[in-house]
Amino acid sequence: MKFPAEPFKIKVVERIQTTTRQIRERLLKEAGFNIFGIPAEFIYVDLLTDSGTSALSDNQWAGLMLGDESYAGSRNFYHLEKTVQDLTGYKYVIPTHQGRVAENLLFSILCSPGKIVPNNTHFDTTRANVKANGARALDLPVAEALDPALEHPFKGNMDVVALGEVLRKERANIPLVACTVTNNSAGGQPVSMENIRAISKLCRRYEVPFFLDSARYAENCYFIRERESGYRNKSVKEIAREMFSYTDGTWMSCKKDGLANIGGFIGLNDEELANRLKQKLILIEGFPHYGGLAGRDLEAVARGLVEAVDEDYLRYRTAQVRYLADSLDRGGVPIVKPAGGHAVFIDASHFAPHIPQSRFPAQALTVAFYREAGIRSVEIGSLMFAEKDPETGKMRYPGLELVRLAIPRRVYTTMHIHYVAESILKIFRKREKIRGLRIVYEAPILRHFTARMEEI
Ligand SMILES: *Cc1c(COP(=O)(O)O)cnc(C)c1O
């Protein structure tokens, strides 16, 4: 196993509180066995999300002091614009305060009822923004993406045969084709350059704009270098430039591979569309030189974007995620394979086969991980997705019951990750003791955030 040694040393530390099992037991009860209800200060290792949780570098903190808070023409905007142009090759750069606002801007202009947006797999906020504008979000993942135990280098790919069919039949109703790199909802799995080239070729043939949802593009490009032939001797930056060159634009949540706590942007080449986006931006976010961000935030993003394509950093980043995946796998814990770029997913149905889907096995694991070890993870299973069939009144359950362990960037040392692996292995050895859950309160929509449960 490659040992993921940190390519940085620590200059500032944040104390984390250790808790006793009794305290955790009480907090779990108070939170209705819902991990979202536990105050973060009582969590030892927080793997809820990798979004906006990165540690800033000394270089980014220094940049914050150079924030120019001018309403228009801030130097930090020009720095961000130049950085994005350099990394992507796009002409126009429009900052937003996070990724979903970029989606809202783009889809409110391009989508309307009857339209269809194909994507390898839409991320939740992407799907919601497509739908909110009356259009249909069509997922076209490759078949390999749906088999959790299958090892495949590019499980994030789009099914280009299916895309070709849709374009042939529905060309007039498709305002854009999107591709998410890495494919977040399919486990942070990468998309190959070959696949991006094939999507691009189809889009050009049918004259449909092609956009990347590039929240984790740097991790994706690193995987291309590691796994796709012909890229071993290219830099991640060169690979990224090639990838963006096949597209017409992108939107990015800089809370991931921007190594920032807040921020996003749209990059594109179409001047007319850029102007329409800017007009809408002024309405909902602010002047195009800050897009809902402070000047200092723009600077943190500009510097973070450059640090995120550093190859020492990406080697350590992907190795740390793989270290956790391999440690769990060697101990027999069922996980989705291979490890993604930002998270490890545990297959809860096989971890705790004695708990039926109606008793929320993945949620039960998140409770066990917190109770036993102070670790916060997140359920992606029945609590999030099960719904009543409106016709039969029967419950429909999702295909997979997963627990996601998302790893914040540059925050935890490999020793923390080792602690997580050891703790989960210990819980796995006495897994028959884990109890299922029953809902006692649920909201009508997005119930997983606020549901209250009790143990059975
Ligand atoms: C996080 C994310 C978004 C939304 O970005 P926010 O900054 O959270 O609003 C969109 N797409 C993908 C793939 C993401 O991971």
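**A working chat about Thr-96 and the rest of the chain**

Reader: Thr-96, buried or exposed?
Author: Thr-96 is buried, as its relative accessible area is 0%. Buried here means under 20% relative accessible area, exposed means over 50%, and partly exposed is in between, with a 1.4 Å probe and protein chains only.

Reader: And what am I looking at, before I go on?
Author: This is a predicted model, where local features need pLDDT of at least 70 and side-chain atom pairs count only at pLDDT 80 or more, while totals for chains, interfaces and linings use all residues. Residues are numbered from 1 along each chain as its sequence is written, and side-chain values use heavy atoms, leaving out hydrogens and water.

Reader: Fine. Where does Thr-96 lie?
Author: Thr-96 is in strand E2, residues 92-96. Helices (H or I, at least four residues) and strands (E, at least two) are DSSP runs, numbered from the N terminus.

Reader: What does Thr-96 touch?
Author: Leaving out residues up to four places away in sequence, the list for Thr-96 includes Val-101, Leu-105, Phe-265, Leu-281, Glu-285 and Leu-293. A contact means heavy atoms within 4.5 Å.

Reader: Which backbone oxygen lies 3.0 Å from a polar atom of its side chain?
Author: That of Gln-98.

Reader: Switching to Arg-241. Where's that?
Author: Arg-241 is in helix H9, residues 236-245. Arg-241 is partly exposed, at 39% relative accessible area.

Reader: Which residues is Arg-241 in contact with, beyond its sequence neighbours?
Author: Setting aside neighbours within four places, Arg-241 contacts Gln-85, Asp-86, Leu-87, Thr-88 and Gly-89.

Reader: OK, and Thr-413? Which elements is it between?
Author: Thr-413 is in the loop between strand E14 (402-406) and helix H16 (414-429). Its relative accessible area is 23%, so Thr-413 is partly exposed.

Reader: What does Thr-413 touch, then?
Author: Glu-6, Ile-10 and Gln-320, not counting residues up to four places away in sequence. Thr-413 and Gln-320 are 93 residues apart in sequence, yet 8.8 Å apart in space, C-alpha to C-alpha.

Reader: Zooming out, how many helices and strands in the chain?
Author: The chain has 16 helices and 16 strands.

Reader: Last one: how much of the chain is buried?
Author: Buried residues make up 56% of the 456.

Note on methods
A polar contact is a pair of N or O atoms within 3.5 Å; within protein, one must be able to donate a hydrogen and the other to accept it, and residues adjacent in sequence count only if both atoms are side-chain atoms.
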